[in-house]
Amino acid sequence: MSEPLVLELQVKPLDFLAAGETATQFKETLKSLGLAPEICRRAAVVVYEAEMNIVIHGGGGVMRLQVEEDKVTIMAEDEGPGIENLELAMQEGYSSAPDYIREMGFGAGMGLPNIKRNSDELYIDTAPGKGTKLRAVIYLNKGR
Amino acid sequence: MAHGVKIMEPSCRGCVNCIKSCPTEAMRVIEGKVRILSEICIACGECIRRCPHRALLLEEDEWDYVLSKRPMVVVTDPSFCAQFSWPPVPELTAQALFELGFEPIFDEYEAAYDVTALAEARAICSLPDTAKPLISTYCPAVVRLIQIKFHELIPHLVPVESPLETSIDLWRARTRRRDPVTLVSSCPARIAMVRSPVGRDISSAEFAISTSKLAREVLIGSGDPSKKVTINLPLQAPRWVVWAKTGGESMHVRNFSSRPIKTLEVDGLRNVINLFQEMELGKLKGIDYVEARACDLGCIGGIGNAESRFLSRIKIDNIKVSFDMNEGYQNKLESIYEAKIWSLRECIVPIEQMPLGEDLARAMERLKQLHAVYAELPHLDCGTCGRPSCRVMAEDIIRGEGSPDDCIFRLKERIADLSKEIYELSKRLVHTMTSEGKS
């Protein structure tokens, strides 16, 4: 097996425009590798939602895309306030985003559920005050 | 694949303005002359707009040759009606064309555009929300953009034929005439549509010329038809005329839909691309239909027009259209709908890009090489290497179509290194000579 390919990008807090750009850029990379459109689509959605979470809640952080021969892994890390009740946050429509963010049309409470729906494995390491580490895995040869 | 753009080599100075305007990075400058990678060109005409030396033109048929074909049956884009000093009413434009010996088939447009709008409205209403929004196939540059860059959106393209093609089919069916038909186009994409159609094997039109060519003929050859007839105010025009500007198609589709639908209109390639990127991320929930046009303000903004797009829009905004139809016409429309004449005969398929390698392992290796090559480039995207960006340059290099020395900055560095070496070498020589001289 060859060395995994890793792309890394810094995320600035409250930079809403950049989130779409990162997702597009990561997706273009996956497309250029010849991966199936469905894989690219799911990865882009996960990247977009995870980055949005960093932008809205995390106060900036790092996004990483790792490609191996059998899987794509998306990692998002921030040193923000952490998620208080993960079970609640995984529910559709639940959002802790402040009003000014909701007024911009974001924070609909679909972020984490969307990530879960589009990934094969999802690990979240978080606690209040110690930031959030998210790792989502999409397998390349797994029939869904 | 024909792309509707002609390169006038003697006029091309290799200035790289055009290659930087291309939305699919389909242009290169090689040995001082521009080249188009036709397999990824969407025929939008942005390069023609940008060329300061008039080295890029519409690839239209020879005007004199087309003119020699009589009768000359013409199918003009609706935007053609807005090219003149008189109001954009087809009757007036038709009169001017007839006077010059051309034969417009405007009479077929009403049924053709109506059945198109009806088919689109019914397609929207028959689909579940998950399959929406549907995307209009009216702009051929947008269709090709999706085929090349937005494969996930292909199932969203509404499988409805261009009403201009449908008009020709209706005309042939009604008149049983076999005379050649000339499509009059305001953009390279529609010219490409005649040469290599998408969704059908062969176009119903035989020739393609630009709006500006025919408009010029009318401007110098005919009097103002509006002086010969009385024009009633407010100005009335058929429904299809509004398709010339962005929003016209959506209005038609909304009016023909059996239930309220939400449409979104977007024009100009930058906006279209941004919207499609957002759509791929699943951000357009709740929208039923997207009308996307490559040109600013819609077809009146096409590069092949004679009139200013701003004035064209004012003219079209000033006309009134009605969506009332009598029962007899409604029945006729229904029978044309049933005949499926509006339907695309072939599926729209993605145009696959070559991945970086044959399998994932090799593609990943190549991508790492690409990143390494890219890291050595100056990231100024100056275009001097003949490619639109350093990123494209790196891609070309690892595909074996270029060398890092094509980069003027890299070359400069190498010359600097070399001259330093020569300098040091020369000092050493002098030193030897003096020591020899002393001994």
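**Stop 1: where the chains meet**

Start by selecting the contact between the two chains of this predicted model: 15 residues of chain A and 16 residues of chain B take part. Now colour the chain A side by element. Helix H1 (16-32) and helix H2 (37-58) of chain A are the elements that each give two or more residues to this side. H2(A) has the largest share, with five residues. If you colour by residue type instead, the chain A side shows eight nonpolar, five polar and two charged residues.

**Stop 2: the strands of chain A**

Stay on chain A and select strand S1 (residues 5-11) together with strand S2 (residues 61-67); these two pair in the antiparallel sense over seven bridges.

Which residues are its bridge partners? A:Glu8 is paired with A:Arg64 in S2(A), and A:Arg64 has A:Met75 as its bridge partner in S3(A).

**Stop 3: chain B as a whole**

Now hide chain A and zoom out on chain B. Its C-alpha trace spans about 115 × 55 × 40 Å along the principal axes. A cartoon view of chain B holds 16 helices and eleven strands. Of the 439 residues in chain B, 44% are buried. Among contacts in chain B with a separation of 6 or more, 76% are between residues 24 or more positions apart.

**Stop 4: three domains**

Give each domain of chain B its own colour: the domain assignment lists domain 1 (5-57), domain 2 (63-338) and domain 3 (360-426). Then keep domains 1 and 3 of chain B on screen; their C-alpha centres lie 23 Å apart. Nine residues of domain 1 of chain B are in contact with five residues of domain 3 of chain B. On the domain 1 side, the elements giving two or more residues are helix H1 (17-21) and strand S2 (27-30) of chain B. S2(B) gives the most, with four residues. By type, this side of domain 1 has six nonpolar, no polar and three charged residues.

**Stop 5: a parallel sheet**

Next, select strands S6, S5, S8 and S9 of chain B. In that order they form an open sheet of four strands with parallel pairing. Which strands stand at the edges? They are strand S6 (102-104) and strand S9 (207-210) of chain B; each has a single partner strand, so one side of each is left without a neighbour in the sheet. Neighbouring strands of this sheet are turned by 35° against each other on average, direction ignored.

For a detail, pick strand S5 (residues 72-76) of chain B, which pairs with S6(B) in the parallel sense over three bridges. Here B:Val73 has B:Glu103 in S6(B) as its bridge partner. Then bring in helix H8 (residues 188-195) of chain B: H8(B) packs on the sheet, touching strand S8 (181-185) and S9 of chain B, and its direction makes about 155° with that of S8(B).

**Stop 6**

Finish on helix H12 (residues 309-317) of chain B, and show side chains. Its buried residues are B:Arg309, B:Ser312, B:Lys315 and B:Ile316. Look down the axis of H12(B): these buried residues fall within an arc of 115°, so they line one face of the helix. Turn to the other side of H12(B), and you will find B:Phe310, B:Ile314 and B:Asp317 exposed.

Note on methods: Residues are numbered from 1 along each chain as its sequence is written. Chains are lettered from A and ligands numbered from 1 in the order in which they are written. This is a predicted model: local features need pLDDT of at least 70, side-chain atom pairs count only at pLDDT 80 or more; totals for chains, interfaces and linings use all residues. A residue is buried if 20 or more other C-beta atoms lie within 10 Å of its own, exposed if 12 or fewer, and partly exposed in between; C-beta atoms are placed from the backbone. The arc is that of the directions from the helix axis to the C-beta atoms. Two residues are in contact if their C-beta atoms, placed from the backbone, lie within 7 Å. Ala, Val, Leu, Ile, Met, Phe, Trp, Tyr, Cys and Pro count as nonpolar, Asp, Glu, Lys and Arg as charged, and the others, Gly among them, as polar. Two strands pair if DSSP finds at least two bridges between them. Domain bounds come from an automatic or database domain assignment. Axes are lines fitted to C-alpha atoms, for helices over the stretch in contact, and angles run from 0 to 180 degrees between N-to-C directions.
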